[in-house]
Amino acid sequence: MKTFIIEDKQRIESIILHCDACFVGITDLEGNPYVVPMNFGYENGVLYLHSGPEGSKLEMLEHNNNVCITFSIGHKLVYQHEKVACSYSMRSESAMCRGKVTFIEDMDEKRRVLDIIMRHYTDNEFNYSEPAVRNVKVWQMPIEQMTGKVFGLRANEKP
């Protein structure tokens, strides 16, 4: 099975937009990887996330705000020979985005970004109370590097 690099930015963005969750990679306080699934929104080359106002993720980001966020869609078990274990693979497409997280503190901007996140999941309109907006940490990560791959294609298949 072959892996192909996706070079078309629109196709990579399509992978992102078709995911219902992303996996956020952070470096913990001991220098170890820490990966957590999160909900997100995406607009104009920026990923947006939200969390509680305190916690371990935020402590980690205060020490190192470099983040890697991954997305994966279309998972399907494929094989070349049904009886040969090494010929099995998982067909999928993935995107990986790197950047630095900063936090949005302005209340109106927080509301705007919360709408971006919610639009990723529903067309409903929302109102946010002052306490709710004050007590949510809104993350933004302008994408500095974006890559994509297609996995599990047979040699004669096109990506």
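This dialogue covers the salt bridges of a predicted model.

Q: What lets two side chains pair in this way?
A: Side chains of opposite charge can pair when their charged atoms come close. The cut-off used here is a side-chain nitrogen of Lys or Arg within 4 Å of a carboxyl oxygen of Asp or Glu.

Q: How many salt bridges does this rule give?
A: The count is eight.

Q: Which parts of the chain does the pair of Glu93 and Arg11 link?
A: Start with the contact: the side chains of Glu93 and Arg11 form a salt bridge at 3.5 Å, N to O. Glu93 belongs to strand S7 (residues 88-100) and Arg11 to helix H1 (residues 9-17), distant parts of the chain 82 residues apart.

Q: Is Arg111 buried or exposed?
A: Buried means under 20% relative accessible area. Arg111 has 19%, so Arg111 is buried. The salt-bridge partner of Arg111 is Glu130, with the closest N and O atoms 2.6 Å apart. Because Glu130 lies in helix H4 (residues 130-134) and Arg111 in helix H3, the pair ties together parts that are 19 residues apart in sequence. Glu130 counts as partly exposed, at 40% relative accessibility.

Q: Where does the salt-bridge partner of Lys137 lie?
A: Lys137 pairs with Glu105, and their closest N and O atoms are 3.2 Å apart. Glu105 is in the loop between strand S8 (102-104) and helix H3 (107-119), while Lys137 is in strand S9 (residues 137-153), 32 residues apart.

Q: Which residues are linked in a network of salt bridges?
A: The network links Glu43, Glu109, Arg112 and Arg119.

Note on methods. Residues numbered from 1 in each chain as written. Predicted model: local features only at pLDDT ≥ 70, side-chain atom pairs only at ≥ 80, totals over all residues. Heavy atoms only, no water. Helix = DSSP H or I, 4+ residues; strand = E, 2+ residues; numbered from the N terminus. Buried < 20%, exposed > 50% of the residue type's maximum accessible area, 1.4 Å probe, protein only.
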